[in-house]
Amino acid sequence: MDSAGFIQKLTDAVGEEFIHTDPVALRAYDCDGLTIYKGIPSAVVLPESTEEVRRIVEICREYRVPLIARGAGTGLSGGATPLPGGVLIVFTRMNKILELDYENRLARVQPGVVNLHLTRETLPHGFHYAPDPSSQAACTIGGNAAENSGGAHCLKYGMTTNHIMEMTVVLPSGEVAHLGADGEDTPGLDLRGFFIGSEGTFAVITELTVRLTPNPEGVRTMLACFTKVGDACRTVSDVIAAGAVPAAMELMDRYTIEAVETVVQAGYPRDAEAVLLIELDGLPSSITPLETLIRDISEKNNSSSFRIAQTEEEREGLWMGRKKAFGAFGVIAPSYYCLDGTVPRSKLAQVLEEFDEIASRYDLRITNVFHAGDGSLHPNVLFDDRVLGETERAIECGAEVLRACIRAGGVLSGEHGIGIEKIREMKDQFDEPTLEIMERVRDAIDEDGLMNPGKLIPDEENVFPVAHSGAIARMGGGMTK
Ligand SMILES: Cc1cc2nc3c(=O)[nH]c(=O)nc-3n(C[C@H](O)[C@H](O)[C@H](O)COP(=O)(O)OP(=O)(O)OC[C@H]3O[C@@H](n4cnc5c(N)ncnc54)[C@H](O)[C@@H]3O)c2cc1C
């Protein structure tokens, strides 16, 4: 391949200032939030328009070089980790809110807009962007769409797919397509829904029209504390079974409480085995009976205390603990590996017990902080990557945890996606015919196999090579087809 010619064409497409090929600069992009897997791209390009993205895709196609889209790189399954030698398209410059249409409750944005920035912009006008991943201060709306991300308030408001009306995408052929529409429904196949969650393997998203949600009239936030994790889990399933749908229902266990209290002092009791952070929103007249119901159910399940935030400051403090939990793990372990299997709510207590048993078999600890209301777990395997062999043990422990979720009737991923991380376990989740359909669909859309290859859909010929030795063995090695 004429590498110099290839880089020159990319440079012409985006301008000299917006391409990196220097090895030191490239290293900054070698992984996403799942740092176990790494790859160095041949170039990083920062386009500013759909037309520039289209040109990049065309050039990569001409030279048969894989391309990988990247928003903020907060993904936790290796989705934005570069295939070595591939081109990384980074959306830092495509970060504009293009239009705010309050009358129709819509916003038109570029994919690099940071999730929380849209809410900050619209909040004073009575609206917000409802999907709220805990990473919302950094992650982008394009990345959210590619992962179909969730968040604490998605229990009531739905995942990202429920909030995206229309997307402009650049297909692997270099053609530009428009999926969905501004209206509530569109005739024909729901290609918008089909592309959401495809982890950058079908197309590159260059513009989105998203729903704006009116701010609730009232909000009440409460903390229920328990001396047994099982009691907290039963409270979750009992509340939902009673017909209540809180805006959020988050569970944090003992190790998480310890980490959070050491770092941010959110006011969680250190002697609790689990706390439930519950938020209700809506008209004040509808909140009060729900609050009584939840308090009664918590007491029936032996809550040791039940507290309602009395001020906005107190409410923010309670949420601060949840939002900073992942960062706080640094005080209880040098490294953590965050998983996201999802199980039916009624199985929460059972699988958490099983996680403890799996962790002790691997001589590791697992701590849990998760969106309990929809059974979306985040077991975090705590380990020390400086200890020889411990990373490999953490990976295998994680794989067992995911298999336990599947056995409990759940799924491999509630929101973080498959990426590189869970590609092997796809075979535990889906039967051969289902995987074959996925593969055929992907091959039909991306016939040259250049869009984020080695992610999401397992393919023997197309396995992702990674830097980590244990992980290379696990993935089977190999190069892109
Ligand atoms: C502390 C922490 C907390 C988190 N909490 C949550 C949570 O509560 N809920 C949740 O769902 N996730 C959570 N995540 C995971 C992560 O933040 C989400 O997956 C998020 O949507 C990724 O956005 P990003 O912009 O960082 O995307 P990236 O990590 O850059 O990319 C993610 C995937 O999207 C693709 N992609 C990115 N941009 C585009 C584009 N324009 N076109 C096509 N494909 C694209 C990439 O190729 C990759 O496959 C958390 C992560 C961290 C580190």
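At 0% relative accessibility, Cys 405 is buried (buried is under 20% relative accessible area, exposed over 50%, partly exposed in between, with a 1.4 Å probe and protein chains only). This is a predicted model, where local features need pLDDT of at least 70, side-chain atom pairs count only at pLDDT 80 or more, and totals for chains, interfaces and linings use all residues. Residues are numbered from 1 along each chain as its sequence is written, and side-chain values use heavy atoms, leaving out hydrogens and water.

**Exercise 1.** Work out how many disulfides the structure holds.

*Solution.* Start with the cut-off: a disulfide is a pair of cysteine sulfur atoms within 2.5 Å. The count comes to zero. Take Cys 397 next: its nearest cysteine sulfur belongs to Cys 405, 12 Å away. Seen from Cys 405, that 12 Å to the sulfur of Cys 397 is too far for a bond. Cys 397 is buried too, at a relative accessible area of 0%.

**Exercise 2.** Describe how helices α8 and α13 cross.

*Solution.* Helices are DSSP runs (H or I, at least four residues), numbered from the N terminus. Axes are lines fitted to C-alpha atoms over the stretch in contact, with angles from 0 to 180 degrees between N-to-C directions. For α8 (residues 229-241) and α13 (residues 348-361), the axes come within 8 Å and cross at roughly 150°. So α8 and α13 are roughly antiparallel (angles over 145 degrees).

Now the contacts (heavy atoms within 4.5 Å): Val 229, Gly 230, Cys 233, Arg 234 and Val 236 in α8 meet Leu 348, Ala 349 and Leu 352 in α13.

Definitions and conventions
Helix = DSSP H or I, 4+ residues; strand = E, 2+ residues; numbered from the N terminus. Parallel < 35°, antiparallel > 145°, perpendicular 65-115°, else oblique.
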